Amino acid sequence: MRADAVEAVLRGLKRAGVSVATYLPDSLLKELYPALDADADIRTIPVTNEGEGAAIAGGVFLSGKRAVLVMENSGLRAATEHLARMGLGAGIPVVMIMSYRGEMGENNWWAIPHGITMEPLLQALRTPYTIVRTVDEIETAIVRAYETAYASYYHAAIVLGGDLVR
């Protein structure tokens with residue numbers, strides 16, 4: 001992930017009032033995780049699977065604070081049950097920042113299904129999302145995702161693609 005993109009993510013999270021980041025590391029966002037860990041204003045909680053991260057982010061919401069779940073888009077499949085119960089069932093929003101594996105131009109055969117399933121799954125979960133491909137869009141996209149999620153009591157996602165993560 002580009003250094004300027006990492007800085008834009010941190011600025012966006014701070015503008016949105018995020019104090020907790022839960023994540024399952026992936027290679028496309030590998031530069032973001034140490035930056036989150038080093039930030040004194042954001043507590044990080046690494047997880048063993050994305051469903052666990054979604055549940056923690058939901059619990060942070062219930063405590064009156066704001067969290068983000070950072071993961072590869074393949075993690076959306078792993079977190080679906082948790083997201084469906086919290087969002088559709090209980091009105092507990094989770095804001096996600098995902099890398100876009102399987103995007104057009106992907107050169108790893110095993111990652112193609114991540115791109116094929118991501119948007120239909122977000123739509124099935126009725127989750128508003130934005131695909132961001134330029135640094136200039138990141139900060140605003142994060143702030144808007146929190147505005148949407150906290151106004152609707154439902155999830156929102158920012159997908160980082162293109163040259164931001166390649």
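Colleague: Which strands does helix 5 lie across?

Modeller: Helices (H or I, at least four residues) and strands (E, at least two) are DSSP runs, numbered from the N terminus. Helix 5 (residues 112-124) lies across strand 3, strand 4 (95-99), strand 5 and strand 6 (156-160), and runs at about 150 degrees to strand 5. Angles run from 0 to 180 degrees between N-to-C directions, and axes are lines fitted to C-alpha atoms, for helices over the stretch in contact. The model is predicted: local features need pLDDT of at least 70, side-chain atom pairs count only at pLDDT 80 or more, and totals for chains, interfaces and linings use all residues. Residues are numbered from 1 along each chain as its sequence is written, and side-chain values use heavy atoms, with hydrogens and water left out.

Colleague: What is the order of the strands in the open sheet?

Modeller: Two strands pair if DSSP finds at least two bridges between them. The open sheet of 6 strands has the order 2-1-3-4-6-5, with parallel pairing. Strand 2 (43-46) and strand 5 (129-132) are the edge strands, each pairing on one side only.

Colleague: Over how many bridges do strand 1 and strand 3 pair?

Modeller: Strand 1 (residues 18-23) and strand 3 (residues 66-72) pair in the parallel sense over 5 bridges. Thr-22 has Leu-69 of strand 3 as its bridge partner. Helix 3 (residues 50-62) packs on the sheet and touches strand 1, strand 2 and strand 3, where contact means heavy atoms within 4.5 Å.

Colleague: At what angle do helix 1 and helix 6 pack?

Modeller: Two packed helices are described by the angle between their axes and the distance between the axes. Helix 1 (residues 3-15) and helix 6 (residues 135-152) pack at about 25 degrees, with their axes 8 Å apart. The two helices, helix 1 and helix 6, are therefore roughly parallel to each other (angles under 35 degrees count as roughly parallel).

Terms used. Angles under 35 degrees count as roughly parallel, over 145 as roughly antiparallel, 65 to 115 as roughly perpendicular and the rest as oblique.
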